[in-house]
Amino acid sequence: AVVSTQSGHYGRGNTFLSQVKAIEKKDSNMTSDQQIERLHKPGAKYLNLNPFYVLQVDPDATEDELKKQYRRLSILLHPDKNPNNRDQATGAFEVVSRANKLLQEKETSDKFKLILTDAENRVLKMV
């Protein structure tokens with residue numbers, strides 16, 4: 001089956017990918033405490049390697065969308081805004097800043113997009 005994520009047609013993997021999109025949408029409305037927990041939960045060390053996951057943006061997001069989302073998350077997670085949870089907020093803020101920096105570099109951003117496309121195609125072959 002041919003996969004076209006931009007057009008919204010997923011072929012055989014429709015159920016799996018629609019579940020992933022639903023989770024991503026739910027996660028985008030999290031409070032600062034929930035965002036901090038998301039970036040520190042078990043397994044987050046590996047999930048946080050994906051800057052698109054960290055910033056909760058689609059790999060096809062525009063530069064403006066990336067900027068807006070980074071600004072939103074950096075304000076939400078800033079240690080000064082989370083005085084009762086400063087240490088974890090600092091860690092989460094650093095993860096978000098690192099992800100933003102990676103995506104600002106076009107060559108690095110393109111590499112991540114290629115990796116994600118390859119991974120998505122491999123998953124769809126297994127479904």
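These legends describe close-up views of a predicted model of one protein chain. Local features need pLDDT of at least 70, side-chain atom pairs count only at pLDDT 80 or more, and totals for chains, interfaces and linings use all residues. Residues are numbered from 1 along each chain as its sequence is written, and side-chain values use heavy atoms, with hydrogens and water left out.

View 1. The elements run α-α-α-α-α-α-α from the N terminus. Helices (H or I, at least four residues) and strands (E, at least two) are DSSP runs, numbered from the N terminus. Of the 127 residues, 31% are buried. Buried means under 20% relative accessible area, exposed over 50% (1.4 Å probe, protein chains only). The accessible surface comes to about 8600 Å², with 54% belonging to carbon and sulfur atoms. Accessible areas come from the Shrake-Rupley method with a 1.4 Å probe; for residues, only the protein chains shown count as cover. Among contacts with a separation of 6 or more, 57% link residues 24 or more positions apart. Contact means heavy atoms within 4.5 Å.

**View 2. N82 is a buried loop residue.** N82 sits between helix 5 (63–77) and helix 6 (86–104). Its relative accessible area is 5%. The N82 side chain makes a polar contact of 3.1 Å with the side chain of S32. A polar atom of the N82 side chain also lies 3.1 Å from the backbone oxygen of L76. A polar contact is a pair of N or O atoms within 3.5 Å; within protein, one must be able to donate a hydrogen and the other to accept it, and residues adjacent in sequence count only if both atoms are side-chain atoms. Neighbours within four places in sequence aside, N82 is in contact with S32, D33, I36, L76, L77 and A89.

**View 3. Helix 5 has a buried side and an exposed face.** L66, Q69, L73, S74 and L77 are buried. They lie on the same side of helix 5, because they cover an arc of only 130° around the axis. The arc is that of the directions from the helix axis to the C-beta atoms. Exposed D64 and K68 are on the face turned away. The buried residues pack against helix 2 (32–40), helix 4 (51–55) and helix 6.

**View 4. The largest nonpolar core holds 18 residues.** Such a core is a set of buried Ala, Val, Leu, Ile, Met, Phe, Trp, Tyr and Cys residues joined through side-chain atoms within 4.5 Å. L39, V54, L55, V57, L77 and V96 touch the most other members. Helices 2, 4, 5 and 6 each give two or more residues. Helix 6 gives the most, with 6 residues.
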